[in-house]
Amino acid sequence: MQLLKERILKDGTVKPGNVLKVDSFLNHQMDISLINEIGKEFKSRFSECPITKILTIEASGIGIACITAQYFNVPVIFAKKTQSLNLDGDMYTTKVQSFTHKKVYDVILSKKFLGPDDHVLLIDDFLANGCALLGLIDIVRESGATLEGAGIVIEKGFQEGGDRIRNMGIRLESLAIIDSMSDDSLTFRD
Ligand code: 5GP
């Protein structure tokens, strides 16, 4: 998505540890007209899929998922990160290793909001090693819902997440795939 790539080149900054900072337009301050275009793009890429729910993970996926959901006319559900695991059986649970915080979280989603009749689109801001997405995939599997695919705003193609997800046979649509990045250069895959 050309508009997104141009914005990454203009306003993104590379931080130590392979972290791309895009907090001036995507995940802290949010440029809603850009995110509207992102939502439209996800809709056009998954237009033939009978999506009934958009699933993301807190926190930075939520805003993007909500704007995207307006184009699909479906609810958004988000998996919550928690320290205290509720084991009463009402929750789908999984574990996710956080790329940015280097911690393992328990992640939960209420069983009320996802079941075997649902067709799910996963949405997140970044794909790095794939842990966040794998956690969401786990939850979808546990629920018996159909996974239609995953939409990612920025995939860091030099990390293993993209290959892991695609090798599982899951449809993955990333709007910008970064092939390499350093302090003074950033290149995209075509
Ligand atoms: P993964 O689980 O694929 O290793 O990492 C994805 C998650 O880590 C995303 O939900 C995102 O919040 C965060 N993340 C991974 N890489 C980056 C990055 O380069 N910049 C920012 N801002 N967040 C990232």
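User: In which strand is the place of Asp 106?
Analyst: The model is predicted, so local features are taken at pLDDT of at least 70 and side-chain atom pairs at pLDDT 80 or more, while totals for chains, interfaces and linings use all residues. Numbering runs from 1 along each chain as its sequence is written, and side-chain values use heavy atoms, leaving out hydrogens and water. Strands (E, at least two residues) and helices (H or I, at least four) are DSSP runs numbered from the N terminus. Asp 106 falls within residues 104-110, which form strand β6.

User: Is Asp 106 buried or exposed?
Analyst: Buried means under 20% relative accessible area, exposed over 50%, and partly exposed in between, with a 1.4 Å probe and protein chains only. The relative accessible area of Asp 106 is 13%, so Asp 106 is buried.

User: How far apart in space are Asp 106 and Ser 84, C-alpha to C-alpha?
Analyst: In sequence, 22 residues separate Asp 106 from Ser 84. In space, the distance from C-alpha to C-alpha is 8.0 Å.

User: Which residues is Ser 110 in contact with, leaving aside its neighbours within four places in sequence?
Analyst: Ser 110 also lies in strand β6, and its relative accessibility of 15% counts as buried. Contact means heavy atoms within 4.5 Å. With neighbours within four places in sequence left aside, the contacts of Ser 110 are Asp 90, Met 91 and Tyr 92.

User: Why are the buried residues of helix α1 on the same side of α1?
Analyst: In α1 (residues 2-11), the buried residues are Leu 4, Lys 5 and Ile 8. An α-helix has 3.6 residues a turn, so residues three or four places apart point the same way.

User: Which exposed residues does the face of α1 turned away from its buried side carry?
Analyst: The buried residues of α1 have cover that includes β2 (19-21), α2 (32-45), β8 (146-156), β9 (172-182) and β10 (185-188). The face turned away from that buried side carries the exposed residues Gln 2, Leu 9 and Lys 10.

User: Phi of Asn 73 is positive in a residue other than glycine; what value is it near?
Analyst: Asn 73 has its place in the loop between α3 and β4 (76-82). At 72% relative accessibility, Asn 73 counts as exposed. Phi of Asn 73 is near 60°.

User: In which loop is the place of Asn 18?
Analyst: Asn 18 is not glycine, yet its phi is positive, near 60°. Its relative accessibility is 36%, so Asn 18 counts as partly exposed. Asn 18 has its place in the loop between β1 (13-15) and β2.

User: What is the radius of gyration of the protein?
Analyst: The protein has five helices and 10 strands. The globule rule is 2.2 Å times the number of residues to the power 0.38, and the radius is taken over C-alpha atoms. For 190 residues the rule gives 16 Å, and the protein is as compact as a globular protein of that length because its radius of gyration is close to that, at 16 Å.
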